[in-house]
Amino acid sequence: MCSPPAKALDAVFAESVDLAINHVDTVAGYDFNHGVDYEKLLASYKYSGFQSTNFGLAIEEINRMIDKRKEQLQTESIQEEDEFIRIKTNCTIFLGYTSNMVSSGLRETIRFLVQHKMVDCIVTTAGGVEEDLIKCLADRKSVV
């Protein structure tokens, strides 16, 4: 039996080095033994792995937008007579998504966000007409 090439061994068994990072968070999931606290559960995603970290960062950004919207609007912004272009809040929230997200089960979530004025502008792609036809023919089913 021959031994692996030295280059392969060097690549796989590279020596670890300390990273020059000021702050490192520990990867950990939510502890359900303490009950279900949805705010803490959502916050825990930031420390639960790569995609969960991105989800956690998105939650933080959404919370910043919501906080900014709650701030008092300056009176000079309210003076605009045209209702369509009048600034109504301190934060304009854009919701961007691809058309297939509507037929994938997020239609009700998007409707809720728009209905309750939680987004100001929607940016989306145009879906194929076949998506609309399929939606009209029958309920969508999920196969696991």
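**Fold composition and salt bridges of the predicted model**

Among contacts in the protein (heavy atoms within 4.5 Å) between residues at least 6 apart in sequence, 45% join residues at least 24 apart. The model is a predicted one, in which local features need pLDDT of at least 70 and side-chain atom pairs count only at pLDDT 80 or more, whereas totals for chains, interfaces and linings use all residues. Residues are numbered from 1 along each chain as its sequence is written, and side-chain values use heavy atoms, with hydrogens and water left out.

The secondary structure comprises 6 helices and 2 strands, assigned as DSSP runs (helices, H or I, at least four residues; strands, E, at least two) and numbered from the N terminus. The order of the elements from the N terminus is α-α-α-α-β-α-β-α. Of the 144 residues in the protein, 13% are buried; buried denotes under 20% relative accessible area, exposed over 50%, and partly exposed in between (1.4 Å probe, protein chains only). The protein exposes about 12,500 Å², of which carbon and sulfur atoms supply 59%, as computed by the Shrake-Rupley method with a 1.4 Å probe, where for residues only the protein chains shown count as cover.

Helix α2 spans residues 38–44 and includes Ser44. With a relative accessibility of 12%, Ser44 counts as buried. When neighbours within four places in sequence are set aside, Ser44 is in contact with Ala28 and Tyr30.

Side chains of opposite charge can pair when their charged atoms come close. The structure holds 4 salt bridges, a salt bridge being a side-chain nitrogen of Lys or Arg within 4 Å of a carboxyl oxygen of Asp or Glu. One of them joins the side chains of Lys46 and Glu60, at an N to O distance of 3.1 Å. This pair links distant parts of the chain, since Lys46 is in the loop between α2 and α3 (50–70) and Glu60 is in helix α3, 14 residues apart. Glu60 is partly exposed, at 31% relative accessibility.

Arg69 forms a salt bridge with Asp120, with the closest N and O atoms 2.4 Å apart. Because Arg69 lies in helix α3 and Asp120 in the loop between α5 (100–115) and β2 (121–124), the pair ties together parts that are 51 residues apart in sequence. Arg69 is buried, with a relative accessible area of 18%, whereas Asp120 is partly exposed at 43% relative accessibility.

A further salt bridge is formed by Lys68 and Glu71, whose closest N and O atoms are 3.1 Å apart. Lys68 counts as partly exposed at 36% relative accessibility, and Glu71 is partly exposed with a relative accessible area of 43%.
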